[in-house]
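Here are my notes for your reading of this model. Keep the structure open beside them and check each point as you go.

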Amino acid sequence: MELNLGPQHPATHGVLRIVVTLDGERVVKAVPHLGYLHRGVEKIVEDLEYFQIPPILDRMDYVANLNNELSYVMAVEKLAGLKVPERAEYVRVILLEFNRIMSHFAWFGPFTNDLGLFGTAFLYGLREREYIQRLFERTTGARMHYNYFTYGGLRHDVPDGFVEEASRLANRLPAVIDEFEYMVEENEVFRLRTIGIGPMDGQTALNFGASGPFLRASGIPIDLRKDEPYSVYDRFDFKVCSASGGDCFARYKVRMDEMRESVKIIQQALEQMPDGPVRAKTTRHIKLPKGEVYMRTEHARGEFGAYIVSDGGERPYRLKLRSPSLSNLMASCVLLPGMVLPDLIATVASVDIVLGCTDR
Amino acid sequence: MAIALPFLIALALVIFVLSNIVFFMWAEFKISGRVADRFGPMETGRWHGWAQPLADILKFLNKEDIIPANADKLIFRVAPFVGFIPVVMVLAAIPYTNKIFVRDFDIAVFFVIALSSFTFVSMVMGGWASGNKYSLLGAFRAAGMLLSYELPLGLAIAGVVMLSATLSLIGIVQQQTVWNIVLQPIGFLVFMVAMQAELQRSPFDLAVAESELVAGYSVEYSGMRYAMFQLGEFFGLWALASMAVLLFLGGWHGPYLPGIVWFFIKFYGIFLFLAFSRVSVPRVRPDQLMDLGWKILLPSALVNIVITATLIVLVPHYQVPLAVSEFVILIAALYLMRRVLK
Amino acid sequence: MNAGMTNYYYVVAFAIVGGVFGGLLLSVARMLRPRKISKTKLEAYECGMEPFEGNWTQYSARFYVFALVFLIFDVEIAFLYPWGTVFRDFGVTSLIEMFVFIGVLLLGLVYAWKKGVLKWL
């Protein structure tokens with residue numbers, strides 16, 4: 001029996017379509033079909049000036065937007081040779097890590113939802129996300145498409161009381177993460193549904209170009225924040241979380257641990273944050289010198305890369321974006337044949353894909 | 001008059017149960033809301049959204065009725081009735097106190113168990129007749145669940161039947177000087193788990209499984225036909241929760257308060273348990289469900305029967321040894337299971 | 001009419017009331033609901049795609065072995081209930097007889113389990 005899962009399915013997180021061939025409930029073949037959310041981002045940006053591009057990137061991975069902006073902004077800075085002020089770097093790190101936590105919360109909720117715990121943990125995840133989102137709203141002026149990072153720093157300085165509010169939030173979070181773990185980890189059915197489901201071995205994951213928590217759950221501790229420190233990440237003390245097994249439970253566990261580490265980074269950054277300007281002296285319209293640059297950063301979902309080819313004009317000649325969701329999804333699709341249908345749903349959900357990023 | 005009386009009683013009971021169902025729905029909205037750290041309905045009817053279920057029913061009445069072009073139209077239309085009529089028939093056999101009951105059936109236990117499994121038949125019919133792949137998968141899951149959970153449910157009750165030596169529900173309650181939950185803890189646990197499966201409630205809502213099969217067997221149903229499936233489920237909940245109260249929790253026995261009040265206190269206790277378990281546990285996988293049914297519940301129910309029968313026959317005052325041995329075995333088994341699962 | 005017959009007369013009455021009540025709900029809904037049928041509405045739901053491979057497909061129900069085991073055990077329950085009401089009167093004899101009965105079935109279950117047919121998939 002051939003069955004369409006998606007594009008209009010409660011558990012495909014957007015508009016992913018997987019055509020599965022079933023034998024009973026056993027999946028014989030699973031073919032993902034992409035492109036339902038394709039907006040031609042890479043083509044659109046060729047007609048935009050450099051300062052107009054971050055809002056478009058916000059609309060790619062709409063759950064961890066600031067992480068998208070960062071790669072591009074840093075690529076532009078690298079090509080233009082801009083020096084970002086200290087304060088801006090620290091604010092960036094704080095917001096990025098908050099953004100990562102938000103993204104993991106937004107993963108945790110729907111994941112339990114797909115396991116069949118309808119609504120409960122989902123709303124806990126969204127509740128915590130909401131608190132962080134309020135901070136973002138005050139800081140950037142938007143709730144979803146922040147458009148806050150720009151080459152040379154930030155669009156504007158953080159509002160009064162940012163540090164207090166951020167540290168209050170960060171101090172609150174460890175208890176919240178404990179609460180989430182307590183909520184699901186001792187739950188026998190949750191364990192039954194996640195432990196040993198969709199095991200991914202590290203080498204296969206690497207071969208498919210998987211990255212982020214998905215890769216680290218398979219026991220390969222690759223984290224660009226540690227391996228190729230960008231921004232000011234080399235000044236913080238945090239550890240790269242990895243787990244063995246590569247099953248759904250490991251992916252869950254890695255994300256939970258990672259949030260704790262993010263909280264640590266935020267707390268350290270808040271302590272060290274200096275005063276000063278938040279934007280280097282640049283103009284809105286800049287011309288990049290002729291050349292090519294690739295900048296990659298550790299996105300909430302993995303390695304997010306921006307590759308700019310400049311012909312010396314005000315607009316990029318080409319902007320290639322590497323989306324972690326896409327490679328992770330492709331890697332996870334090898335796991336699907338041989339599974340039963342509920343496990344397929346759980347595995348796809350555990351990868352944490354955002355279709356806006358996959359399809360671009 | 002004598003000919004019309006049963007019809008009047010039936011109508012009165014259906015309306016009474018329906019009004020309770022409206023309350024169930026509201027309570028479930030509120031409980032699942034509170035558990036998920038939100039309020040649940042707050043607007044409809046001003047006071048804590050009390051009118052939300054009524055508004056839902058009105059909405060169901062207003063919904064367009066769609067029968068897919070390539071559905072098997074006859075079976076598609078009949079299926080909701082197959083789910084609904086048997087659970088209404090069950091109401092005839094359920095006593096509320098030793099004075100308030102419709103009829104005292106001498107095989108009431110058998111009757112209720114037999115009829116309440118018609119829900120699965122309606123699901124298989126509806127799911128198959130929809131001509132949709134999701135609903136077909138849901139239908140077969142329902143069939144598999146019928147195969148797995150009918151047995152533990154029946155066998156768990158067999159222990160109670162042996163204790164009271166009658167199949168009449170009134171008789172069983174009158175025998176319970178000590179509540180059967182004390183004498184039959186294993187039976188009670190098996191019954192509660194099997195009951196949730198029988199009622200298609202989360203964590204066993206596999207035939208619906210909205211995150212996997214969209215809406216399972218009821219994908220193609222809309223409007224009032226869909227509502228009839230839901231009503232059938234709630235009537236089934238009424239029947240099986242009453243059975244749990246009557247068989248294991250001493251029915252209307254209880255100090256000070258009148259029997260009917262005790263009955264409904266216990267009944268709503270069971271309902272609360274169901275409502276909470278629905279929002280706190282993820283859904284199990286079909287094969288795990290079958291494993292649970294065949295490899296854990298069925299053997300435990302059989303062990304329960306063997307212990308009960310042996311002690312009743314061999315020991316003159318069997319109550320205390322029975323309760324003690326059942327509790328010991330239960331706790332040992334739970335401990336072992338926890339060790340294995342870790 | 002004796003008591004048994006009256007009981008079943010009640011059951012029939014309840015069934016009729018249930019049927020009529022359900023029919024009533026549907027006919028009230030028929031009066032209230034809109035009817036704007038279009039071709040697209042009558043298509044089977046397939047996650048937003050046009051249904052392919054036909055809507056009537058085959059499903060391999062791997063758990064049919066369960067159905068066989070289930071039948072046997074269901075018959076056992078049917079025997080167990082009447083036995084449960086009277087077995088005290090016969091003492092140890094009926095106990096042993098029932099144990100033999102359950103034992104044989106249990107052996108069947110264990111055999112099926114060991115054979116590995118107790119699998120959904």
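1. Start with the size of chain B. The model is predicted. Chain B has a radius of gyration of 21 Å. A compact globule with 342 residues would have one near 20 Å, so the value for chain B agrees with a compact globule. Along its principal axes, the C-alpha trace of chain B spans about 65 × 55 × 40 Å.

2. Next, the secondary structure. Chain B has 14 helices and 0 strands. Its pattern along the sequence reads α-α-α-α-α-α-α-α-α-α-α-α-α-α.

3. How much of chain B is buried? Of its 342 residues, 54% count as buried. Now look at the contacts in chain B between residues at least 6 apart in sequence. Of these, 77% join residues at least 24 apart.

4. Move to chain A and helix α12, residues 324-333. Why is this helix described as largely enclosed by the rest of the structure? A residue counts as buried if 20 or more other C-beta atoms lie within 10 Å of its own. In α12 of chain A, 8 of the 10 residues are buried, so the helix is largely enclosed. The buried residues are P324(A), S325(A), L326(A), S327(A), N328(A), L329(A), A331(A) and S332(A).

5. Last, the interface between chains C and A. How many residues of chain C are in contact with chain A? The number is 13, and they touch 13 residues of chain A. On the chain C side, 6 residues are nonpolar, 4 are polar and 3 are charged.

Methods. Residues numbered from 1 in each chain as written. Chains lettered and ligands numbered in written order. Predicted model: local features only at pLDDT ≥ 70, side-chain atom pairs only at ≥ 80, totals over all residues. Helix = DSSP H or I, 4+ residues; strand = E, 2+ residues; numbered from the N terminus. Rg over C-alpha atoms; globule rule 2.2 N^0.38 Å. Buried ≥ 20, exposed ≤ 12 C-beta atoms within 10 Å, placed from the backbone. Contact = placed C-beta atoms within 7 Å. Nonpolar A, V, L, I, M, F, W, Y, C, P; charged D, E, K, R; others polar.
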